[in-house]
Amino acid sequence: MKILQRLMGALSADMAIDLGTANTLVYVRGRGIVLNEPSVVAIATFKGKKQVLAVGEEAKLMVGRTPGNIQAIRPLRDGVIADFEVAEEMIKHFIRKVHNRRSFAAPQIIICVPSGSTAVERRAIQESAESAGGRRVFLIEEPMAAAIGAGLPVTEPTGSMVVDIGGGTTEVAVLSLGGIVYATSVRVGGDKMDESIISYIRRTHNLLIGESTAEKIKKEIGSATVDSNSHTITMSIKGRSLLNGVPLEVEINQTQVAESLSEVVAAIVQGVKTALENTAPELSADIVDRGIVMTGGGSQLKNLDKVLAKATGLPVFLAESPLGCVVNGTGRALEEMGALQSVLVNMY
């Protein structure tokens, strides 16, 4: 049986999937990251029947620009599957895209799940991957994958703290000896930052902007706090006037963007403080020495590390490639399955 499993492993393109609210990344054993696309599916309805029109990058371009019979759907909300059928189609599409057609063996798959996800949500993710063609599907908790990807010594008897800010959730975890000692999941992330920017601009400028514009503002002039020259860093944005309904262009500055993001930043800080309050004294001593490591796309928000450092009094570091930490950590768990077996959540 073991010989057959080894043979199947050699013939299949085993993969690690970071199924994110905003982006899905796929790592193939021996090849590294081979896919990084938005978690968006465009569904067209013809004569009452639904069919997938586009997935990933192509579907994202359709968000906010579709006619009545086409919907651009994000099947994941707050880090978990909100639309199972669409999510299954998306996973199938990505697996087919990266799996070697000549290989007749089904791949072994490791997928990330938020630490706060329920057993039902985990089972749904696993079943979606199995029906998408996975031979065996293992799960790994996101903070654990992020910590492995950031190079933290998760299997050693020493405390490590990771703050993974994704599209839908912020996962804060303390890890030691290959397990999560304490974890908290705050349902705020990059998406909530975009929503806060949209509502702030609607409130203060009577201007309606879309998600893509909000994301652009966040990336270009977004900041977690205000510094001396924040009011001079400006950006022109276009949207629809709520007063007369015509297209309009206004200018906003970094101070205003920081103000719009204040509640989201406060929620992330509170999540980190809660985790620190619930950490055992011995592990707290390790965190004082090692500091806090930030991963995920949302961690790239300007000055967020300074805000966290000031609030906790601890050194805060941004991981080397924050966007790829989770998928790289999951990939490493796939490559070194024997050594890192303890970090996987086995649902079998």
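Trainee: What span does helix 4 (residues 119-131) reach, and what is expected at 1.5 Å a residue?

Mentor: Helix 4 has 13 residues and reaches 18 Å from its first C-alpha to its last, close to the 18 Å expected. The expected span is 1.5 Å times one less than the number of residues. Helices here are DSSP runs of H or I with at least four residues, and strands are E runs of at least two, numbered from the N terminus. This is a predicted model, where local features need pLDDT of at least 70, side-chain atom pairs count only at pLDDT 80 or more, and totals for chains, interfaces and linings use all residues. Residues are numbered from 1 along each chain as its sequence is written, and side-chain values use heavy atoms, without hydrogens and water.

Trainee: What follows helix 4?

Mentor: Glycine 133, with a positive phi near 115°.

Trainee: Why does histidine 99 count as buried?

Mentor: Its relative accessibility is 15%. Buried means under 20% relative accessible area, exposed over 50%, partly exposed in between (1.4 Å probe, protein chains only). Histidine 99 therefore counts as buried. Histidine 99 lies in the loop between helix 3 (84-98) and strand 9 (108-113).

Trainee: Why are helix 6 and helix 8 called oblique?

Mentor: Helix 6 (residues 190-205) and helix 8 (residues 254-277) pack at about 140°, axes 9 Å apart. Axes are lines fitted to C-alpha atoms, for helices over the stretch in contact (heavy atoms within 4.5 Å); angles run from 0 to 180 degrees between N-to-C directions. Under 35 degrees is roughly parallel, over 145 roughly antiparallel, 65 to 115 roughly perpendicular, the rest oblique. The two helices are therefore oblique to each other.
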